[in-house]
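Q: I have the sequence and the model open side by side, and I would like to learn how to read a few of the features. Could we go through them one at a time?

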Amino acid sequence: MDPECSRLLPALCAVLADPRQPVADDTCLEKLLDWFTTVTAAGSSLLLLQENPCLVELLFRVLKSQDLSSRILSFSLRLAGIFAAQEDCFQYLQGELLPMLFGEVGPLGGAAWTAPAVRSGWIQGLRTLAQHPSALRFLAACGAVDTIFSLQGDSSLFVASAAGQLLVHILDLAMRGPARGRCSPQACDWPACAQKIVCHIEDSLCSIATPQVTQALNVLTTVFGHCRGLWTQGLWVRLSPLVARLLEKDPVPASHSLVDLLLSVARSSVPSSDRGLWETLAQTLSHLSPTQAGPLALGILKLQDCPQALRTQAFGILLQPLACVLEAAAQAPGPPGLLGGAAGDPMTADTLLCSKSACVGLLCCALTHLGLLQPLPQRPSPWPQAPLLGAAVTVLRLCSGSVAPTSDVGGRLCAILVGCGRVQRAALDFLGALSQGAGPQESVTQVFSVLLEYLMSPESSSMVLKKAFQATLRWLLSSPKTPGCCDLDPRTQLFLRELLPVLQKRLCSPCWEVRDSGLEFLTQMTRHCGGQAGFRQALLASEVPELTKQLLQDPESYVRASAVTATGQLSSWALLAAPASPERPGAQQKSLLVELLHVLCADSEGFPRRAVMQVFTEWLRDGHADVAEDPERFVARVLQAASRDPDWEVRAQGLELALVFLGQLLGPRGSHCPCAVALPETAPPGTLAQALPEAAPPGTLAQALQVLCRVQLFEFAFRALFDCDRPVAQKSCDLLLFLRAKAAPCGSPQEAGDSPNVASVEATLQRWQAGEQGQPLGYLEPGAVMAVLRSIDLEGLRDTLAESSDHVEKSPQSLLQDMLAAVGVLGENEADCY
Amino acid sequence: MKLYCLSGHPTLPCNVLKFKSTTVMLDCGLDMTSTLNFLPLPLVQSPRLSNLPGWSLKDGNAFLDKELKECSGHVFVDSVPEFCLPETELIDLSTVDVILISNYHCMMALPYITEHTGFTGTVYATEPTVQIGRLLMEELVNFIERVPKAQSASLWKNKDIQRLLPSPLKDAVEVSTWRRCYTMQEVNSALSKIQLVGYSQKIELFGAVQVTPLSSGYALGSSNWIIQSHYEKVSYVSGSSLLTTHPQPMDQASLKNSDVLILTGLTQIPTANPDGMVGEFCSNLALTVRNGGNVLVPCYPSGVIYDLLECLYQYIDSAGLSSIPFYFISPVANSSLEFSQIFAEWLCHNKQTKVYLPEPPFPHAELIQTNKLKHYPSIHGDFSNDFRQPCVVFTGHPSLRFGDVVHFMELWGKSSLNTVIFTEPDFSYLEALAPYQPLAMKCIYCPIDTRLNFIQVSKLLKEVQPLHVVCPEQYTQPPPAQSHRMDLMIDCQPPAMSYRRAEVLALPFKRRYEKIEIMPELADSLVPMEIKPGVSLATVSAVLHTKDNKHVLQPPPRPAQPTGGKKRKRASDDIPDCKVLKPLLSGSIPVDQFVQTLEKHGFSDIKVEDTAKGHIVLLQEAETLIQIEEDSTHIICDNDEMLRVRLRDLVLKFLQKF
């Protein structure tokens with residue numbers, strides 16, 4: 001321990017043990033514990049206590065004091081646990097202190113025990129302490145295990161949960177003993193402590209009180225989730241009959257916890273030794289209600305290795321609700337549905353019809369589970385893509401009231417589901433997930449038709465519309481391309497022609513969320529299909545591009561930001577403008593650049609400005625026609641605007657843009673570059689990068705530096721280097737390091753190092769560093785820049801910036817000082833009183 | 001208690017409730033859908049309409065060609081439009097004591113009732129209802145009277161001829177009762193019979209019942225009504241809304257504990273959510289105007305238009321429509337916009353608080369101030385000078401049969417750039433458009449009906465729990481076009497009783513109690529006797545006075561003193577005879593003790609038999625029989641009055657007298 005800390009420690013311990021000087025800030029105590037954990041991890045706890053007797057004294061005084069706050073008591077228990085985690089220190093404390101802290105004579109029996117913090121501290125102290133066999137003996141001797149059993153039912157959930165965790169830890173510690181292989185189920189050779197815990201679990205599993213069963217199941221779930229010893233297999237053999245017996249009860253108690261346990265066991269090493277587990281799982285699936293069985297079925301299907309029959313059963317459970325819906329909505333007996341023609345489970349049908357909440361809950365779970373399963377490699381095969389598509393479409397139609405079921409059940413389902421936003425959202429998500437698989441022509445037509453119905457319906461809420469847009473995008477992107485060319489197939493094109501007027505209307509919605517979702521959809525669609533003739537044709541024939549541009553003036557900043565991104569994307573694909581006049585080709589495009597620059601300079605909100613910077617960076621990277629005309633001027637204007645921006649993300653994005661520009665001028669970073677910031681892998685055609693290969697000759701480099709000076713990139717970067725927001729400074733540092741590395745082989749340190757220009761720049765930079773950023777740098781010569789770059793300790797700066805912002809204040813010494821100062825012990829604050 | 005149903009239109013109700021001794025008419029709605037069978041009345045001569053071919057029968061007989069014209073396959077009556085009145089034959093309307101009006105849309109038939117049926121009662125309505133109702137009537141009369149039509153067709157109404165006509169004329173009901181619009185004099189006379197009321201004000205009707213208007217949340221001044229006596233409560237729910245729009249919120253709590261809840265005026269478009277429709281309205285409006293087209297919104301001069309203008313106020317800037325003029329054309333446009341701003345106490349809380357700032361409660365004031373919204377009494381005059389396109393025009397009438405809207409339909413109908421957006425739910429938009437076909441302009445149907453939907457009704461009924469629900473038959477089954485939508489009907493227990501036009505419904509509850517007051521001096525004279533803990537009885541001898549449906553027990557007059565003289569009795573002294581009353585008995589006779597008492601008094605050879613209703617005590621020696629039952633005791637002995645009296649006295653010992 002640092003001598004200064006050692007010096008401060010006695011005073012701090014005195015403060016902590018003094019009830020008249022309460023510690024106001026809990027976080028200080030937490031930090032103190034963290035510090036002691038670090039100190040004891042690095043060295044001997046025993047030595048620490050011997051060198052700092054005040055610590056043991058603190059623990060004694062805490063025990064003796066009657067009116068100490070519960071938080072100090074809790075702290076002391078945890079502190080003692082940290083020290084006693086090392087066996088020699090444990091022996092040192094065991095004689096008197098530990099029994100007094102953790103035994104029945106300690107807080108356990110006193111009034112302080114009523115505070116949850118004390119009970120929690122007691123558990124955490126023991127949890128830290130229990131690291132060695134001596135600790136196990138101590139626990140047995142002081143009867144702590146029984147106390148932990150009772151704390152499992154504690155009124156504080158934190159305490160109860162921690163008690164369960166502690167039991168698992170103790171069991172694991174006991175069973176981890178030397179050379180324990182696989183234990184027999186009878187466990188006559190199990191350590192007494194483990195025997196006791198297991199017996200307690202057995203008793204709890206047999207209890208008629210559901211909370212106790214839940215506690216036992218939760219402990220077991222943690223055991224099988226975290227403990228890897230072979231003994232867990234023996235434990236399962238011993239306990240599985242009791243678990244199976246739970247299934248005989250009606251209703252099955254603690255079904256959620258039971259499902260968690262079974263899945264935890266199934267994921268552990270148990271299945272390799274006990275095939276009976278699969279049987280238990282199958283039984284559980286058939287005993288639980290449809291709602292309870294869903295998560296178990298999903299868990300089973302996610303398992304890598306499990307019998308096919310069980311997988312089929314589990315998949316059947318997930319499909320049941322949708323099968324019931326399909327059956328109820330069927331106009332006439334159709335082809336075998338989801339369950340291969342088998343009738344839907346009456347229990348599932350009952351659950352669907354018994355109440356709106358049950359129906360909605362079950363359907364949403366089924367849809368979500370199937371949606372999660374769809375992309376997994378271990379999903380059931382064959383995957384019933386067509387019936388699932390049919391089911392998703394039917395659910396959506398029932399929700400919109402556009403299907404007219406003839407059956408009584410169908411009518412009741414329709415009455416329950418109509419207008420239900422939750423099911424609509426889940427079904428649209430699921431429908432989107434199904435886009436990854438192919439489907440018969442007829443199903444896909446139905447999908448497009450139901451999506452269009454939702455997008456058109458005035459009844460669709462903004463969230464439902466957002467999901468509908470997302471699902472539509474996924475289906476459009478996954479739709480097959482016309483053979484022989486990369487264009488959209490005729491059916492998709494037809495859909496697109498119907499979709500665009502709807503999108504047009506949605507872009508005029510009075511609800512900003514809808515306008516925003518519409519713009520996001522357009523952006524994504526353009527990003528992926530901007531080059532496809534069918535899409536281009538349909539889009540250009542519509543008013544969507546013009547409307548999008550108008551939304552740059554939207555009163556809602558999120559919509560403006562999305563409009564910026566969308567117009568940027570449209571412009572990249574030359575989809576924005578109506579045909580420009582012959583005498584001024586590209587006039588419209590230019591005006592967008594001006595318009596976006598105006599947003600960057602004038603918009604009062606950060607989101608649109610950030611969006612503009614991203615669009616500009618993308619334009620520069622991809623060689624957008626307007627930018628490529630005069631990239632130097634473009635970069636100069638953007639950097640000028642970004643440097644004044646109050647939003648650090650805009651400034652950081654400015655550096656990103658500068659980096660792209662640098663990459664294009666000097667070539668991408670090579671192996672000698674030490675920077676961490678990633679650059680685009682390939683430079684688009686038609687940019688400056690082609691003209692300047694990576695190892696640029698000195699002449700070319702000089703030219704590049706001239707360009708950089710002209711666009712005032714250095715002024716921007718140097719300013720950013722001393723930015724009050726750390727990410728900006730870090731990015732700038734990386735950029736300058738990159739630049740210096742690029743220039744290093746070429747330049748010579750003498751060329752401008754001593755010129756007055758350099759001195760003035762350095763003086764200005766020092767002022768900037770001190771926070772006076774008013775003065776501009778003025779025009780810089782490349783030589784001066786290189787000299788300044790070499791003179792600044794960029795590596796040192798980078799390391800400093802890499803430290804967290806509170807690294808100076810985080811030292812233990814500062815912590816101790818702060819704590820003492822807070823209670824006025826350090827004395828210097830006393831002067832403030834006069 | 002009976003309900004006479006005079007209207008078949010669920011949202012334009014007209015029912016008569018007979019309750020105690022009162023006859024109360026609930027609303028006075030006028031079904032104007034009949035006008036859809038008539039040709040529009042153009043403000044400016046329309047060659048298209050005047051050149052429509054006359055209609056002739058299949059056999060070529062053209063005797064109706066003056067009355068009926070054909071347009072795009074539909075046949076219309078070329079005459080002054082006529083309205084379908086409430087049923088006038090079902091009940092003698094001159095016996096109606098009061099008419100309760102729930103909102104301004106439900107009073108449009110008032111002049112027909114008050115001026116032509118011998119009605120002599122009072123009409124109750126809130127002030128905004130009357131003022132805005134007057135505007136609606138004024139507008140209607142104005143629309144019709146300013147386009148005088150010489151012709152009044154009646155031949156087609158002949159039943160034998162009507163049968164030969166194509167649909168929908170063939171199926172039109174009660175055509176013989178259809179009437180032309182009333183005049184302004186009739187309107188004024190009808191309105192003069194209205195007495196203004198405020199929410200929660202209690203109005204006594206002849207001492208028999210009390211009626212109270214409650215806020216219904218649907219329109220300015222709209223009300224539901226409570227009609228109650230001391231022991232019965234009937235709630236009349238008509239045109240209510242739970243949405244937060246401009247009116248005061250609906251008062252649901254006061255509807256609790258009703259014996260009968262009459263439920264009318266639910267939303268006409270239960271599948272359309274008003275928020276979604278407003279969204280549609282705005283989007284379509286913006287799209288049309290951006291393309292250089294004009295938007296026509298056929299509407300009433302009050303109601304949803306206030307909310308639409310408020311939405312547009314927020315929307316036009318964001319949609320870049322600031323430079324587009326909005327015109328509101330109605331003979332009562334100015335009054336409507338101004339009235340809306342002065343009824344602060346009838347508005348929702350938010351709008352009320354604005355008044356104290358002080359700011360106008362509705363933002364259309366600002367639209368007018370900034371010249372974004374302009375209003376005109378008609379298309380003639382100033383409007384024609386100011387008119388510029390593209391623009392948005394709000395004007396009536398939503399039926400598209402009369403009013404300035406007819407002119408705009410003729411003017412803009414030929415261009416596909418223009419759009420007509422239907423927001424009022426009262427008329428089928430396809431039928432409204434029929435005489436304008438073929439039509440190039442776009443038609444958008446986004447009906448905004450803020451009245452209760454079935455989900456809200458279900459919640460309301462759970463909340464207020466009436467014993468019985470009575471509603472129009474349309475609400476007890478899903479709409480015919482969506483027969484699978486079981487959610488679009490009233491679902492309650494016991495099932496709602498339904499009614500249809502011209503039906504009389506005996507309401508399913510009987511009056512059991514009547515409140516009677518007791519005079520203090522009479523009450524003082526009573527000597528209650530506790531017959532079991534908490535229950536005391538006393539006999540009352542009094543005279544029951546009934547006047548103005550109030551019943552009072554007064555002390556009986558003192559027995560007349562024999563005057564001895566020949567003085568003539570005055571009429572007032574002619575008091576009823578007061579017989580000396582026998583005391584009333586209570587209690588029960590314990591058989592065992594009774595037998596013991598008999599034995600004590602010398603009766604022997606007593607036998608007791610149990611019967612279904614009590615006991616029979618047989619005095620075999622005396623050949624006498626005493627039947628003891630729960631509510632009577634009979635002593636049967638042959639002509640031995642002495643014995644009977646002895647036995648009676650023994651029986652009476654066990655009973656209490658009072």
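Predicted model: local features only at pLDDT ≥ 70, side-chain atom pairs only at ≥ 80, totals over all residues.

Q: Which residues of H9(A) are buried?
A: A residue is called buried under 20% relative accessible area, exposed over 50%, and partly exposed in between (1.4 Å probe, protein chains only). In H9(A), residues 133–141, the buried residues are A:Ser134, A:Ala135, A:Leu136, A:Phe138 and A:Leu139. These buried residues pack against several helices of chain A, among them H8 (116–129), H10 (144–151) and H11 (157–175), where contact means heavy atoms within 4.5 Å.

Q: How many helices and strands does chain A have?
A: Chain A has 42 helices and zero strands. Of its 834 residues, 54% count as buried, and, among the contacts in chain A with a separation of 6 or more, 71% come from residues 24 or more positions apart.

Q: Where is A:Pro295 found, and which residues is it in contact with once its neighbours within four places in sequence are left aside?
A: A:Pro295 is found in helix H17 of chain A, residues 290–302, and it counts as partly exposed at 32% relative accessibility. Leaving aside the neighbours within four places in sequence, A:Pro295 is in contact with A:Val259, A:Leu263 and A:His369. A:Pro295 and A:Cys365 are 70 residues apart in sequence, while their C-alpha atoms are 8.2 Å apart in space.

Q: Which residues of chain B have a positive phi although they are not glycines?
A: One of them is B:Ser72, with a positive phi of about 45 degrees, and this residue lies in the loop between strands S4 (68–71) and S5 (74–77) of chain B. B:Ser72 is partly exposed, with a relative accessible area of 43%. Another is B:Asn639, whose positive phi is about 50 degrees; B:Asn639 is found in the loop between strand S34 (633–636) and helix H17 (641–653) of chain B, and counts as exposed at 84% relative accessibility.

Q: Is the peptide bond from B:Ser167 to B:Pro168 cis or trans?
A: That bond is cis, with omega near 0 degrees, and B:Pro168 is found in the loop between helix H4 (159–162) and strand S9 (179–180) of chain B. A cis peptide bond also joins B:Gln437 and B:Pro438, with omega about -5 degrees.

Q: Which strands pair with S16(B)?
A: Two strands pair if DSSP finds at least two bridges between them. S16(B) runs parallel to S19(B), residues 392–395, and four bridges join them; the partner of B:Pro298 there is B:Thr395. S16(B) also pairs in the parallel sense with S20(B), residues 419–422, over two bridges, and B:Val295 stands opposite B:Thr419. Both faces of S16(B) are covered, with B:Val295 and B:Val297 buried on one side and B:Leu296 and B:Pro298 buried on the other.

Q: How many residues does each chain give to the contact, and what area do chain B and chain A bury between them?
A: Buried area is the accessible area (1.4 Å probe) that two parts lose on being put together, summed over both. Chain B gives 21 residues and chain A gives 23 residues, and the two chains bury about 1700 Å² between them, 57% of it on carbon and sulfur atoms. B:Leu287, B:Arg290 and B:His484 supply 32% of the area that chain B buries against chain A, more than any other three residues.

Q: Which side chains meet in a salt bridge?
A: A salt bridge is a side-chain nitrogen of Lys or Arg within 4 Å of a carboxyl oxygen of Asp or Glu. The rule finds one across this interface, where the side chains of B:Glu280 and A:Lys505 meet at 2.8 Å, N to O.

Conventions
Residues numbered from 1 in each chain as written. Chains lettered and ligands numbered in written order. Heavy atoms only, no water.
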